[in-house]
Amino acid sequence: MIKLLVVDDDRQASKGLISALPWKEFGMEVIGESKDGMRALEFLEVNEVDLLITDLAMPVMSGIELMRHVRERYPHLLVVVLSFHQDFEYVQEALRLGAIDYIAKDQMARERYVEIVEGIHKRMMEKRKESKSLKEPDEGLELEMFYGEGGLIEETNKEEQYRQIVTLCSDSSWVFRIESFQELVSQLRSIRLSRNKLFQL
């Protein structure tokens, strides 16, 4: 069963969303509701949720702020925005933060309820399929693909080089200049860090 959390400060709209839409027909269940982003985060700390449906304009913490926190803390959690806001900047920001759908409240009609839930379910399945296809390869194979053949260098033999790489990483020029990026990759390949060290960087 796909578990949903509904976040909306309009209690009537929230109750209507929970009771009126045919969630169970698509193997979905609303397990909680919150009236602002802060309470939603508290709920997420102690409950497993697969899908977050949130309004944007809310007191205490807006839907956009909530999505930023969710993206950082719960990257696996999928989000659908349900809002009266149809301003392009709001839509663009919500999609940039990973929303899989953006539904305008004033365009919801009873005859579209099945279509709306079906669309959400379809996008969830597509995202899950994408996640499976992007599953990390075997660790040894992954490091060999990056470093080429050969083992890792002992940690004690590379502390100075490691410090140089940390300095390179902290200089954000590698984000904008291809030469700096190539130099950083070259040094990373030469030092042959363990997977954990590499991903920490």
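Which helix gives the largest share of the lining of the second largest pocket? In this predicted model, that share comes from helix 1 (residues 11–20), which contributes four residues. The second largest pocket holds about 150 Å³ of space. Its lining consists of Asp8, Ala13, Gly16, Leu17, Ala20, Leu21, Leu82, Lys105, Met108 and Tyr113. Classified by side chain, these comprise seven nonpolar residues, one polar residue and two charged residues.

Nine nonpolar, three polar and four charged residues make up the lining of the largest pocket.

Helix 3 (residues 63–73) also packs with helix 2 (residues 37–46), at an angle of about 20 degrees and with the two axes 10 Å apart. Helix 2 is therefore roughly parallel to helix 3, as angles under 35 degrees are assigned to that category. The crossing of the two helices is right-handed. On the side of helix 2, the contact is formed by Gly37, Ala40, Leu41, Leu44 and Glu45, which meet Leu66, His69, Val70 and Arg73 of helix 3. The residues of this contact divide into five nonpolar, two polar and two charged.

Technical notes:
Residues are numbered from 1 along each chain as its sequence is written. This is a predicted model: local features need pLDDT of at least 70, side-chain atom pairs count only at pLDDT 80 or more; totals for chains, interfaces and linings use all residues. Side-chain values use heavy atoms; hydrogens and water are left out. Axes are lines fitted to C-alpha atoms, for helices over the stretch in contact, and angles run from 0 to 180 degrees between N-to-C directions. Angles under 35 degrees count as roughly parallel, over 145 as roughly antiparallel, 65 to 115 as roughly perpendicular and the rest as oblique. A crossing is left-handed if the near helix is turned anticlockwise from the far one by less than a right angle, and right-handed if clockwise. Contact means heavy atoms within 4.5 Å. Ala, Val, Leu, Ile, Met, Phe, Trp, Tyr, Cys and Pro count as nonpolar, Asp, Glu, Lys and Arg as charged, and the others, Gly among them, as polar. On a 1 Å grid over the protein atoms alone, a cavity is a set of points where a 1.4 Å probe fits but cannot get out, and a pocket is an open set with protein on both sides within 12 Å along at least five of seven lines; lining residues have an atom within 4 Å of a point. Grid points are joined across faces, edges and corners, and a volume is the space filled by probe spheres set on the points.
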